Amino acid sequence: MDASSPLTFAIIGFIVGVIVGLGCYRLFSKSQREAASMRQKLLEREHQIAEMKSSVGSHLTGIYQRLSNIRDEANQLELQLKEDAEEWNIRDAAIQPSLDLSGIDSTQEQQTKADATTPATPRDYADGKGGTLSEDFGLRGNEVATPQPPRY
């Protein structure tokens, strides 16, 4: 065979083509593998994001439920406070200015204050304005006993 024959050029061209083809395939297959791995990472991250969104959603739902429970409990406590204030006839705006105590009858409270009498003087204190212990308490034997208020 002659070195300049067309068959030699064809065989050399074929071998060079196969080598160039293998090199290109290797080069492009590497980029294909990288692209496939990038797609896989992207899918994994999208899955992680979806899981995170669902967990954040469930977390927010739990917070909303707890907040709703706290509001319900606060409403129950306010109702209990109103009932107790009504039971004890308390209409004091200083306790809670925003508390609506309109259901309580204020005339009963005024009557209760009017019915209250001053307490009797304790037995070991002298009668009168001083209110201090008398030095001769119980030593007065010759005086006529003055009527004393009832002792309890």
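Why does Glu87 count as exposed? At 58% relative accessibility, Glu87 falls in the exposed class, which is defined as over 50% relative accessible area, with buried meaning under 20% and partly exposed in between (1.4 Å probe, protein chains only). The model is predicted, with local features requiring pLDDT of at least 70 and side-chain atom pairs counting only at pLDDT 80 or more, whereas totals for chains, interfaces and linings use all residues. Residues are numbered from 1 along each chain as its sequence is written, and side-chain values use heavy atoms, with hydrogens and water left out.

Glu87 belongs to helix α1 (residues 6–87). Together with Glu83, Asp84 and Glu86, Glu87 forms a negative surface patch; patch residues have over 30% relative accessible area and no salt bridge, with like charges joined within 9 Å and nonpolar side chains within 5 Å.

Helix α1 also contains Ile15, which is partly exposed at a relative accessible area of 45%. A nonpolar surface patch of about 700 Å² includes Ile15, alongside Leu7, Ile11, Phe14, Val18, Ile19 and Leu22.

In the segment before α1 lies Ser5, which counts as buried because its relative accessibility is 15%. The side chains of Ser5 and Thr8 make a polar contact (2.9 Å), a term for N or O atoms within 3.5 Å, one able to donate a hydrogen and the other to accept it within protein.

Conventions: Areas by Shrake-Rupley, 256 points an atom, 1.4 Å probe, with all protein chains shown as cover. Salt bridge = Lys/Arg side-chain N within 4 Å of Asp/Glu carboxyl O. Lys, Arg positive; Asp, Glu negative; His and termini not counted. Charge placed at Lys NZ, Arg CZ, Asp CG, Glu CD. Helix = DSSP H or I, 4+ residues; strand = E, 2+ residues; numbered from the N terminus.
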